[in-house]
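This briefing walks through a few local features of the structure shown below, grouped by topic. Please keep the sequence and the 3D view at hand while reading.

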Amino acid sequence: MIESAGMEPVLSVRNLHTRFHTEDGIVHAVGGVSFDLLPGKVLGIVGESGSGKSVTALSIMKLVVSPPGEVTADAITLEGEDILGIDEVRARRIRGSRIAMVFQDPMKSLNPVLTIGRQLTEALREHLGLSDRAARDRAIELLDRVGIPMARDRLGDYPHQFSGGMRQRVMIAIALSCNPSVLIADEATTALDVTIQAQIIDLVKRLTEDLGTAVIWISHDLGVVAGICDSVAVMYAGRIVESGPVRDLFHRPSHGYTLGLLGSTPRLDDDEERRLQPIDGLPPSLLDPVPLCPFLPRCRHAVGACREKPPAWRDVADVHGTRCWADLTPYWRATNG
Amino acid sequence: MSTPPLHIGAGDPSAPPAYRGGAFLACQQFMRNHAALAGFFILLLLGFAAVLAPWISPYDPTALKLSEKLLPPSFSHWMGTDYFGRDVMTRIVWGGRVSLSVAFLVVFYSLLVGVPIGLVSGFVGGRLDNALMRMMDAFLTFPPLLLAVAIVGLLGPDLENVVIALGIVQIPVFARIVRGSTLSAREEVYIVAARALGASAARVVFSGILRNIVSPIVVQITIVFAGAIIAEASLSFLGLGSQPPDPSWGRDLSEARRYMGDAPWLIIGPILACMLCVLSINFVGDGLRDSLDPRSWRAKTTGGSTPRVPEQVTP
């Protein structure tokens, strides 16, 4: 897991479990996730649909509906303060002001019947206690900062008068309005087309650098993650299977799943001959906990140990670890950065 | 919604849209619908007539004057007189007073009880939802008019009891509609997004959910209002509503029935009043439904300076 090297982490999660009690049984959506997020850094969480990325985020935000959801952990600390056991009233005060979230679909994450101005100023008044006028001024400044032209005139507009990219800019403005120390972007660019995606990534990067906000960037797009993140955690079946600094992890993938993901992603510097290698099969059902490595049935690189005991966490390099028995060094890229 | 910001043109010939409040835009949209506007004015006229009845009606609605019984329409009696020599026009205006206030109170009470039940049921869910909805289902198993007749029968024929009966009948209708809309609004991403920004439960319910389900509620209000007018007329027709000699559309109609051959004008007035009222309400309801949705305010209000965007660009 990603250990802090000297610096005090702004967000620290230890052994997070999230289960959903359904009619079919207990779904183990997140099974023991631990990580540290350092101030001002960007942590990417990658994995395919259903790997538990979003549930991890919602669990940290305490937005998992209970019942049927159930969140347990050894510790979740935000800026040194334990936020695992806090009640709803205190959780509400933290949400939006110290930890904020941007969602996947900008078409749906703004309330269609309230003006942009109203939605921007609500959090400001709630958390910072600004007056109407001050909140309005700040809202204009924020819209300006996220690159919305004629910000003053657009406060009275409704979400449907904005394009998808513009709405996501507004969402980012709202999320960053109270200067949170952590921003969780859950597939924030997935619903946008590629040019807008690049603009939004750029915007988040610039703003969070200016404000010193730490970011958790949840995505299934390795290209995006490579572009924005400092470190990456790869999730599979509700667990972090590999994590490390972004360059190290991409150059020296040490888990069968990471290797599979990289093999199925097109790269600009590929040989023309290379064919994309899909990962065969489907992710396992999360209903019954798997005793061995959950990726085993789909793994091309499984070794004898994989079929005998569950993989233990082992370090590959400095702050780069994996949960895999196989030795994948032959697959590492020669061009080592 | 105060001071419209002054924009000094940045070389753009088409002036940018002035900042307008939602209420203004809703009114603007409403006025584009001519049927709704006509309905609104007819209702306004009926409403004024009802409120001002004691001052504008030239005759006493209840005083008997047998010397002038069953007169056909004339200049002194625009709609003729009934069997007891009372002016039909006057009685229709006074009857509107009864009908409209009964309908208004029915909507008020059923809204007051039904909407919170629906909101709580939909928002909290679980066992509470189950219990409340089964209770509402129990009410809905009776035909509405029959239930109202039964309640009035139990409490005694009287206008107040008509209000109570019709109100009780309409509560489950509001509760169900609000619950259904709440259930779907609750799952919207913007609700989760609002909570992720620290919105309280009250704020989520009021500006997140209630504001988004105003349209179905308003439409239901107009349906219930129109229904209540008909139901009050029906109950009065059956002799369970307003009692003689008080004027009422339904009861006057039931009396007029007996003189249909001799004085057909007696029957036209109440029917016309009822019809006009219900029709206008329905037109107004349609207009309101369209004009309360901000998505219908597009383009026309911003003078085309805001580029129109496709609703969905998600692949």
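This is a predicted model: local features need pLDDT of at least 70, side-chain atom pairs count only at pLDDT 80 or more; totals for chains, interfaces and linings use all residues.

In the hairpin made by strands S10(A) and S11(A), where 2 residues lie between the strands, A:Ala237 adopts a positive phi near 50 degrees.

**The hairpin and its neighbour**

- Strands S10(A) and S11(A) run antiparallel, and 6 bridges join them; across this pairing, A:Met235 stands opposite A:Ile240, a residue of S11(A).
- Strand S11 of chain A, which covers residues 239-245, is mostly covered, since 5 of its 7 residues are buried.
- S11(A) also pairs with strand S13 of chain A (residues 320-322), again in the antiparallel sense, and this pairing runs over 2 bridges.
- Within S13(A), A:Thr322 is the bridge partner of A:Glu242.

**An aromatic cluster in chain A**

- Over all chains, a search of the whole structure finds 6 aromatic pairs.
- In the pair of A:Tyr236 and A:Phe295, the ring centres are 5.1 Å apart and the planes stand at 80 degrees, which is over the 60 degrees required, so the pair counts as edge-to-face.
- This pair links distant parts of the chain, because A:Tyr236 belongs to strand S10 (residues 231-236) whereas A:Phe295 lies in the loop between helix H10 (256-263) and strand S12 (314-317), 59 residues apart.
- A:Tyr236 has a relative accessible area of 0% and is therefore buried, and A:Phe295, at 3% relative accessibility, counts as buried because the limit is under 20%.
- The rings of A:Tyr257 and A:Phe295 have their centres 5.1 Å apart with their planes at 65 degrees, so this pair is edge-to-face as well.
- A:Tyr257 in helix H10 of chain A and A:Phe295 in the loop between H10 and S12 are 38 residues apart, and their pair too links distant parts of the chain.
- Both A:Tyr257 and A:Phe295 are buried, and together with A:Tyr236 they form one aromatic cluster.

**Charges over rings**

- A:Arg154 lies over the face of A:Phe162, at 4.1 Å from the ring centre.
- The charged end of A:Lys309 sits over the ring of A:Trp325, at 5.0 Å from its centre.

**A helix in chain B**

- Helix H6 of chain B (residues 159-186) has 28 residues and reaches 39 Å from its first C-alpha to its last, which is close to the 40 Å expected at 1.5 Å a residue.
- At B:Gln170, H6(B) bends by about 25 degrees, and a proline, B:Pro172, follows within four residues.

Technical notes. Residues are numbered from 1 along each chain as its sequence is written. Chains are lettered from A and ligands numbered from 1 in the order in which they are written. Side-chain values use heavy atoms; hydrogens and water are left out. Rings of Phe, Tyr and Trp (its six-membered ring) pair if their centres lie within 6.5 Å; planes under 30 degrees apart count as stacked, over 60 as edge-to-face and the rest as tilted. Buried means under 20% relative accessible area, exposed over 50%, partly exposed in between (1.4 Å probe, protein chains only). A charge sits over a ring if NZ of Lys or CZ of Arg is within 6 Å of the ring centre and within 35 degrees of the ring normal. The expected span of a helix is 1.5 Å times one less than its number of residues. The bend at a residue is the angle between axes fitted to the seven residues ending there and the seven starting there. Two strands pair if DSSP finds at least two bridges between them.
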